[in-house]
Amino acid sequence: MTTPIIQPSISVKTLSESPNLKSIPSNYVNSDIYPFDFIASEPHDYSNSIPTVDFSLLTSTDPHQRSQAINNLNKACQDWGFFMVVNHGIQESLMKKVIDGTQEFFNLREEEKKEFEGKHVLDPIRYGTSFNASKEKAFFWRDYLKVFVHPKFHSPSKPDQYSDIMWEYCEKVRQVTKVLLGGISQGLGLEECYLEKTLEMKSGFQIFIANYYPCCPQPELALGMPPHSDHGLLTLIIQNQVGGLQVQHQGKWIHVNALPNSLLVNTGDHLEIFSNGKYKSNVHKVVVNNTSPRISVAVAHGPSLEAIVSPASPLVQSETNYIPMKYKDYMEMQQSNQLHQKSILEQVKTQRN
């Protein structure tokens, strides 16, 4: 009888700060589990082709400008499932406070952070390491804090001011997301408010995910996060000045070089379901390095937890490609299993799809 894998007893941050750490423990080696994903990525300059969406044009009173912006957004969702948003109106100083506050959280003593360890994937505040250590063959080089922030706002009590910063940032990001989803709805040929009403977005689920990827002595053997797609509709990401996010496009891994003060956005599984497959959720991963820790904050937006998500009826010509499923059940299933590509989404596709 094998011993079940349990949550690692220390954070990756603490492990990485061990004196004279020259190699990673064998249970953090992912290179033999995901061999394809350690193939060299495309050169950094290829990332110049990642679509950019000018948010100010989406909110323009000029019909031509707004129409063009919706077309660009539609093309980005269809071709990439990933784009950068500029001129979004969120102050750079607030974004910096979010990153700095996140750094402070991960700098707390280990016993302080452990106060926020959750026991279940639906616990509203969860601190941990890797992704789901009970299911993984090898752990990921990442510590995280996951906090449910809408429809009910939660936050850790430490560090000071972090809760206020988190609340302000999540409010502003939710407003940006509302406009993006309105444009996406129109890009699909629906009314601007169709998606918002159908998926009950007024009580929509929003989760704040802070990630810390420490320096790694053997980055060629480790992964920050494995290739996966996100649950929900859109995930909006900011980071410190350290790269590491890569997106899959046409079978290749593309480095994401974030434009200054931009929001990185990827489409989630439930946008793929809602669009009946017209938009594909984006597969992405995180690589690590041996020089600088990476901090990112991803805010994921989904329907109401109680909403049953299925393809929008006007987009179903003859048959639906996805089985209707309650969002809460889907999220719980994804978070409770091993994270790999789009394995959970595959389970809700109809056999003919």
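## Starting at Q317

Does Q317 count as buried or exposed? At 71% relative accessibility, Q317 counts as exposed, where exposed means over 50% relative accessible area, buried means under 20% and partly exposed is in between, using a 1.4 Å probe and protein chains only. You'll find Q317 in the loop between strand 13 (308–309) and strand 14 (325–326). Its C-alpha atom is separated by 9.8 Å from that of N276, and the two residues are 41 residues apart along the chain. Helices (H or I, at least four residues) and strands (E, at least two) are DSSP runs, numbered from the N terminus.

## What kind of model this is

This is a predicted model, so local features need pLDDT of at least 70 and side-chain atom pairs count only at pLDDT 80 or more, while totals for chains, interfaces and linings use all residues. Residues are numbered from 1 along each chain as its sequence is written, and side-chain values use heavy atoms, with hydrogens and water left out.

The chain averages a pLDDT of 88, and 87% of the residues score at least 70; pLDDT is the predictor's confidence in each residue, from 0 to 100. Residues 1–6 are another matter: pLDDT stays under 50 there, and the model has six contacts for them beyond four places in sequence. A contact means heavy atoms within 4.5 Å.

In soluble globular proteins, nonpolar side chains tend to be buried together. The largest nonpolar core here has 92 residues, and the members that touch the most others are F83, W141, Y169, L180, I184, F208 and L263. Helix 6 (residues 162–187) gives the most to this core, with 10 residues. By nonpolar core we mean a set of buried Ala, Val, Leu, Ile, Met, Phe, Trp, Tyr and Cys residues joined through side-chain atoms within 4.5 Å.

Leaving aside residues up to four places away in sequence, L263 touches F83, M84, V85, H88, I90, M95, Y169, V176, L236, I237 and I238.

Helix 3 (residues 63–79) has 17 residues and reaches 24 Å from its first C-alpha to its last, close to the 24 Å expected at 1.5 Å a residue; the expected span is 1.5 Å times one less than the number of residues. Buried in helix 3 are R66, A69, I70, L73, N74, A76 and C77. They cover an arc of only 160° around the axis, so they sit on the same side of helix 3, with the arc taken from the directions from the helix axis to the C-beta atoms.

An α-helix has 3.6 residues a turn, so residues three or four places apart point the same way. The cover over the buried residues of helix 3 includes strand 1 (52–54), helix 2 (55–58), strand 2 (82–86), helix 6 and strand 10 (263–267). On the face turned away from the buried side, helix 3 carries the exposed residues H64 and K75.

Strand 4 (143–150) is mostly covered, with eight of its eight residues buried. Strand 3 (residues 125–129) pairs with strand 4 in the antiparallel sense over five bridges, and Y127 stands opposite L145. Strand 5 (residues 205–213) also pairs with strand 4 in the antiparallel sense, over seven bridges, with H150 opposite Q206. Two strands pair if DSSP finds at least two bridges between them.

A cis peptide bond joins H150 and P151, with omega about 10°. There is also a cis bond between K158 and P159, where omega is about -10°. P151 is in the loop between strand 4 and helix 6, and P159 lies in the loop between strand 4 and helix 6 too.

Four of the five residues of strand 8 (residues 245–249) are buried, so strand 8 is largely enclosed by the rest of the structure. Three bridges join strand 8 to strand 11 (residues 284–286), running antiparallel, and Q246 has K285 as its bridge partner. Strand 8 also pairs with strand 9 (residues 252–255) in the antiparallel sense over four bridges, with H249 partnered by K252.

Strands 8 and 9 form a hairpin with two residues between them, and Q250 in the turn has a positive phi of about 55°. Q250 is exposed, with a relative accessible area of 66%. N261, in the loop between strand 9 and strand 10, has a positive phi near 65° despite being a residue other than glycine. With a relative accessible area of 30%, N261 is partly exposed.
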